[in-house]
Amino acid sequence: MKAVAQVLESIVGATGVYAWDVLTEIERSPILQATSLSQSILYLVYPNTPEELAAVMVCADQNQWRVLPCGRRSKLHWGGLVEGVNLVISVEKLDRLVDHAVGDLTITAEAGKKFSDVQTLLGQSGQFLAIDPHYPDQATLGGIISTADTGALRHRYHSVRDMVLGISFVRSDGQLVKAGGRVVKNVAGYDLMKLLTGAYGTLGIITQVTLRVYPIPQASQTIVLSGRPENIAQAAQTLLNSALTPSAIELLSNQVMTDLKLETETGLLIQFQTIVESVKEQAARALDVGSALGLSSQIYLETDEADLWRQLRARMSRENAIACKIGVRPSEAIAVLSQIEQLAQNAGVVIHLGSGVGELVLDAETTRTFMIQELRSLCQNAGGYLSVLQAPIPFKQQIDVWGYAGNALDLMQKIKTQFDPKSLLSPRRFVGGI
């Protein structure tokens, strides 16, 4: 181990290498939630530059050290459990701003840059990243891309992979790779931006990204409609088929509505963000739709609106819970929600109605694996899926976390083999044990 430390210190310096046994409990905890075999971990390494990261990966490749990449470790507990990891490599110190092309509406930054810092910087130019991730105060750009963590704003601005214009990463053999740039281009071969988005660090370690940004809307307003599921379904269908352009339209379960102290019925959150006159007009029309169907309504502006969305994000990011990512056909979202509530009465459910992608949060103490199987079957029968993001380690060891039922596993494994033939990066963290 001393020889290993000396090699790593020669690359990143003595302050960039920490033996596992000297880490504090706070430092160890998020890593322990990602692995079932922590006794194999030797060091936590902090490269200062992409070149240092590449050199560390050259050593890892030569010595067949298995690596768990991370940023600030806010979402290491998501996904499958890694096995036999020897090094944890954090890109937290790769946090430099490379370029902000205000006129081109793009920003280029290293992967360890905090999302909250980027938003603050962009705000000075009247721009923002149209992403609403979990743990926004800690999440890094690399972590958001690796987990494809978009949030409610995907309704208007689409998913994370649609925002990535360029990417740089280090392969398992230490080679630095770049793809894309500051503009969209058609290229032959793999679309590396899309491949690395949502790959959970299994194909490479992201070092730098170029992202599309947007002007901050002049005004914002959120409408909350609540009532019987069938009336909410009619309202949602009317709004989605109309000429209205909400930034977000979220379906909320009874439990989430209750926890947010809104109502005790099914809820619909509709957010409008554009110029003042348009926001007022669109909000009024949404209220008219709700009123015609006998739905209760509440209006949120400015600080109250920001607090509402912050509370919703916190409600769906609870610790000591089982959190799942779900997907269903949008047309069946409300029917599936009702069935979920029958199977798990205290389930916290949010579904993005434009895409059918959502989140399901369950009590960790009372939820059993058979319940997850039932809920997964329910989602799959509605043309979707259920993947367990967060759960106690013993629970994850008893279940297929990803529950993938498609026919692309062979293709995914071939891509993994091309990028990481020795399976050094995030081993077994992804679908099918990739």
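Q: Is Glu110 buried or exposed?
A: Glu110 is buried, at a relative accessible area of 6%. Here buried means under 20% relative accessible area, exposed means over 50%, and partly exposed is in between, with a 1.4 Å probe and protein chains only.

Q: Before we go on, what kind of model is this, and how are residues numbered?
A: This is a predicted model, where local features need pLDDT of at least 70, side-chain atom pairs count only at pLDDT 80 or more, and totals for chains, interfaces and linings use all residues. Residues are numbered from 1 along each chain as its sequence is written, and side-chain values use heavy atoms, with hydrogens and water left out.

Q: Thanks! Which residue forms a salt bridge with Glu110?
A: That would be Arg96, with the closest N and O atoms 2.7 Å apart. A salt bridge here is a side-chain nitrogen of Lys or Arg within 4 Å of a carboxyl oxygen of Asp or Glu.

Q: Where do Glu110 and Arg96 sit in the chain?
A: The pair links distant parts of the chain, 14 residues apart: Glu110 is in strand E6 (residues 106-110), and Arg96 is in the loop between strand E4 (87-90) and strand E5 (97-101). Helices (H or I, at least four residues) and strands (E, at least two) are DSSP runs, numbered from the N terminus. Arg96 counts as partly exposed, at 38% relative accessibility.

Q: How many salt bridges does the structure hold?
A: The structure holds 15. One of them joins Arg310 to Asp307, with the closest N and O atoms 2.5 Å apart. Both residues lie in helix H11 (residues 302-315), three residues apart, about one turn of the helix. Arg310 is partly exposed at 44%, and Asp307 is partly exposed at 28%.

Q: Which residues are linked in a network of salt bridges?
A: Asp259, Arg315 and Arg318 are.

Q: Which backbone oxygen lies 3.0 Å from a polar atom of the Arg376 side chain?
A: The backbone oxygen of Leu386 does. Arg376 itself is in helix H13 (residues 369-381). Not counting residues up to four places away in sequence, Arg376 touches several residues, including Leu386, Ile399, Asp400 and Trp402; contact means heavy atoms within 4.5 Å.

Q: On to the core. Which residues touch the most other members of the largest nonpolar core?
A: In that core of 59 residues, they are Leu8, Tyr43, Met57, Leu87, Ile167 and Leu211. Helix H3 (residues 50-63) gives the largest share, six residues. A nonpolar core is a set of buried Ala, Val, Leu, Ile, Met, Phe, Trp, Tyr and Cys residues joined through side-chain atoms within 4.5 Å.

Q: And what does the second, separate core include?
A: That core has 54 residues, among them Trp78, Ala219, Leu251 and Ala347.

Q: Leu251 again: which residue in E14 stands opposite?
A: Leu268 stands opposite Leu251, and Leu268 is also the bridge partner of Leu225. Strand E13 (residues 248-252) runs antiparallel to E14, joined by five bridges. Strand E12 (residues 219-227) pairs with E14 in the antiparallel sense too, over nine bridges; two strands pair if DSSP finds at least two bridges between them.

Q: How many residues of E14 are buried?
A: Eight of the nine residues in strand E14 (residues 266-274) are buried.

Q: What about the faces of E17, covered or uncovered?
A: Both are covered: Gly348, Val350 and His352 on one side and Val349 and Ile351 on the other are all buried. E17 spans residues 348-352.

Q: Which strands does E17 pair with?
A: Three bridges join E17 to E13, antiparallel, with His352 as the bridge partner of Glu250. E17 also pairs with strand E18 (residues 357-363) in the antiparallel sense over four bridges, and there Val349 has Leu360 as its bridge partner.

Q: How many residues lie between E17 and E18 in the hairpin?
A: Four, and Gly356 in the turn has a positive phi of about 85 degrees.

Methods
Polar contact = N/O pair within 3.5 Å; in protein donor to acceptor, adjacent residues only side chain to side chain.
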